[in-house]
Amino acid sequence: MLVRWIIYCYLLLHMQALFAQTLTFCYEDKELAPSYMGKGLEVPPINPGASIEALQAVEENIRGLTIIFVRQPWQRCLHDIKRNKVDAVIASYVESRQEFMIFPSSESGQLDITLALNKLGRCLVGSKEFVSQLDANEGTFNIAIPRGYSSADRIADPRFTKVDTLSQKDAFDLVSKEVVDGTFGLCMINGEQVSAYPYAGVLHAKYPPFDMSYGFLAFSKNFYENNKELAKQVWGELASFPFAEVYMRYLEENDKKVPQESDPQSAASSQ
């Protein structure tokens, strides 16, 4: 009887070990609402952001999977995934990133957009005067661009002078203080116009979006080579997550908190 019990315990532990898998996910340590909420090293226990909710749902749905959330500056996340120190990030597809990230692909080797977590549109954002001048094709402008963001590569208008910032929030702060003319912000998700950027009550977006990108969970090369089936399972789970619905919930909750255009001073102080 004792021998049978020992064998049973051994098999149980062995099966648990087979199913136990860890994924280290790296993301921005600054708030990038509504994808990532809060700042610093901790993941907020309530309303952590739409992208984090999606990953938490995947963790619940895949038996034995544990996701470790690491918050760092975006450039550090890129640095660490290049060196296989973290396993995954959420990123838009850029050809140069294929050197160190694995994106979902079809059997023919083409990027598989059906496995994207989201489809996002980014617009240039600034004051009403800024948008009017853009519409009239007039003027020259200083545009604040957070370092490491691939969307910056699509801004090639010779009228723009790019000003580097440490974060997207810093870029919007400079716009709100009229230190620079504009920046870019999320203005469309899955085909629907939204105002998912700070100071949305006083700043305006120039439609149509200058950049449309798909957001993917991208894996480090080392993790993917050792966990191909798990990676495909995670992609499938994320593709079925109601991202747009959750994203819009965050936006609606934020709209209730953000002051409207009639009180611009209050809007600035709430950020």
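**Entry 1: the disulfides**

I started with C26 and C77, which form a disulfide with their sulfur atoms 2.1 Å apart; a disulfide here is a pair of cysteine sulfur atoms within 2.5 Å. This pair links distant parts of the chain, as C26 sits in strand β1 (residues 21-28) and C77 in helix α3 (residues 74-82), 51 residues apart. I noted that helices (H or I, at least four residues) and strands (E, at least two) are DSSP runs, numbered from the N terminus.

A reminder to myself: this is a predicted model, where local features need pLDDT of at least 70 and side-chain atom pairs count only at pLDDT 80 or more, while totals for chains, interfaces and linings use all residues. Residues are numbered from 1 along each chain as its sequence is written, and side-chain values use heavy atoms, with hydrogens and water left out.

Which hand does the link of C26 and C77 have? I found it left-handed, with -75 degrees about the S-S bond. Both cysteines, C26 and C77, are buried; buried means under 20% relative accessible area, exposed over 50%, and partly exposed in between (1.4 Å probe, protein chains only).

How many disulfides does the structure hold? I counted two. The other one I looked up joins C123 to C187, S to S 2.1 Å. C123 lies in strand β5 and C187 in strand β8, so this pair ties together parts 64 residues apart in sequence. The link of C123 and C187 is right-handed, with 75 degrees about the S-S bond. C123 has a relative accessible area of 0%, and C187 also comes out at 0%.

**Entry 2: strand β8**

Eight of the eight residues of β8 are buried, so the strand is largely enclosed by the rest of the structure. β5 and β8 pair in the antiparallel sense over seven bridges; two strands pair if DSSP finds at least two bridges between them. β8 also pairs with strand β9 (residues 192-196), antiparallel over three bridges, and there M188 stands opposite Q193. In the hairpin of β8 and β9, with two residues between the strands, N190 takes a positive phi near 50 degrees.

**Entry 3: helix α4**

Which residues of helix α4 (residues 128-135) are buried? I listed F130, V131 and L134. They cover an arc of only 95 degrees around the axis, which puts them on the same side of α4; the arc is that of the directions from the helix axis to the C-beta atoms. The face turned away from that buried side carries the exposed residues E129 and D135.
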